[in-house]
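Subject: Structure handover and findings

Hello,

Here is the structure for your files.

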Amino acid sequence: MKKIVTIGDKEYSMKSSAYTQFKYKNDTGRKMLQDIQEITKLGDIESNNVLGEMDDVMEIILRLAYVMIDESDSSQVENFETFLKQTDGIFDNQDWIMDVITLATSPLSRGLQGNPSKGKD
């Protein structure tokens with residue numbers, strides 16, 4: 001699935017496929033679905049380390065965005081560091097955050113929606 005997502009003041013074409021989770025792991029050494037699960041825990045924070053956890057969440061989201069931008073069209077970004085340097089105003093409009101999460105999980109959620117018995121024990 002492809003989508004145009006505006007991050008700060010720039011539009012990016014992003015792509016999510018079955019390959020995305022493997023590219024994410026190759027690029028970061030981390031498991032994409034576990035990281036997305038960490039993001040969803042943000043609403044349940046009861047610790048004193050909220051800022052530290054927010055820092056981790058933003059890193060996950062930005063890395064996920066970079067992976068999907070690179071997968072869609074690698075000419076849009078040179079590398080992760082350059083992507084961060086050219087991205088200003090990421091908090092001006094935060095709709096892109098949910099777009100990134102939704103797009104990243106779309107290949108998985110489409111399969112579960114197509115067959116209600118899948119994913120059930």
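The notes below cover the fold, the core and the salt bridges.

First, the ground rules. This is a predicted model, where local features need pLDDT of at least 70, side-chain atom pairs count only at pLDDT 80 or more, and totals for chains, interfaces and linings use all residues. Residues are numbered from 1 along each chain as its sequence is written, and side-chain values use heavy atoms, with hydrogens and water left out.

**Fold**

The protein chain has five helices and two strands. Helices (H or I, at least four residues) and strands (E, at least two) are DSSP runs, numbered from the N terminus. Along the sequence the order is β-β-α-α-α-α-α.

The protein chain has 121 residues, and 34% of them count as buried. Buried means under 20% relative accessible area, exposed over 50%, and partly exposed in between (1.4 Å probe, protein chains only). The accessible surface of the chain is about 7700 Å². Carbon and sulfur atoms account for 48% of that surface. These areas come from the Shrake-Rupley method with a 1.4 Å probe; for residues, only the protein chains shown count as cover.

Contacts are heavy atoms within 4.5 Å. Take those between residues at least 6 apart in sequence: 64% join residues at least 24 apart.

**Core**

In soluble globular proteins, nonpolar side chains tend to be buried together. A nonpolar core here is a set of buried Ala, Val, Leu, Ile, Met, Phe, Trp, Tyr and Cys residues joined through side-chain atoms within 4.5 Å. The largest one holds 29 residues. Ile-7, Met-14, Ile-61, Leu-64, Phe-83, Trp-96 and Val-100 touch the most other members. At least two core residues come from each of strand 1 (2–7), strand 2 (10–15), helix 2 (32–40), helix 3 (50–72), helix 4 (80–85) and helix 5 (95–114). Helix 3 gives the largest share, with eleven residues.

Ile-7 is worth a click. Leaving aside neighbours within four places in sequence, Ile-7 contacts Tyr-12, Met-14, Ala-65, Ile-69, Phe-83, Thr-87, Ile-90 and Trp-96.

**Salt bridges**

Side chains of opposite charge can pair when their charged atoms come close. The whole structure has six salt bridges. The criterion is a side-chain nitrogen of Lys or Arg within 4 Å of a carboxyl oxygen of Asp or Glu.

Asp-99 pairs with Lys-3 at 3.4 Å, N to O. That bridge links distant parts of the chain, with Asp-99 in helix 5 and Lys-3 in strand 1, 96 residues apart. Asp-99 is partly exposed at 25% relative accessible area. Lys-3 is partly exposed too, at 36%.

Asp-70 pairs with Lys-23 at 2.7 Å, N to O. Asp-70 lies in helix 3 and Lys-23 in helix 1 (residues 20–28), so this bridge ties together parts 47 residues apart in sequence. Both residues, Asp-70 and Lys-23, are buried. For Asp-70 the relative accessible area is 17%. Beyond its neighbours within four places in sequence, Asp-70 contacts Lys-23 and Val-77.

Arg-30 bridges to Asp-35, with the closest N and O atoms 2.5 Å apart. Arg-30 is partly exposed at 40% relative accessibility, whereas Asp-35 is buried at 4% relative accessible area.

Best wishes
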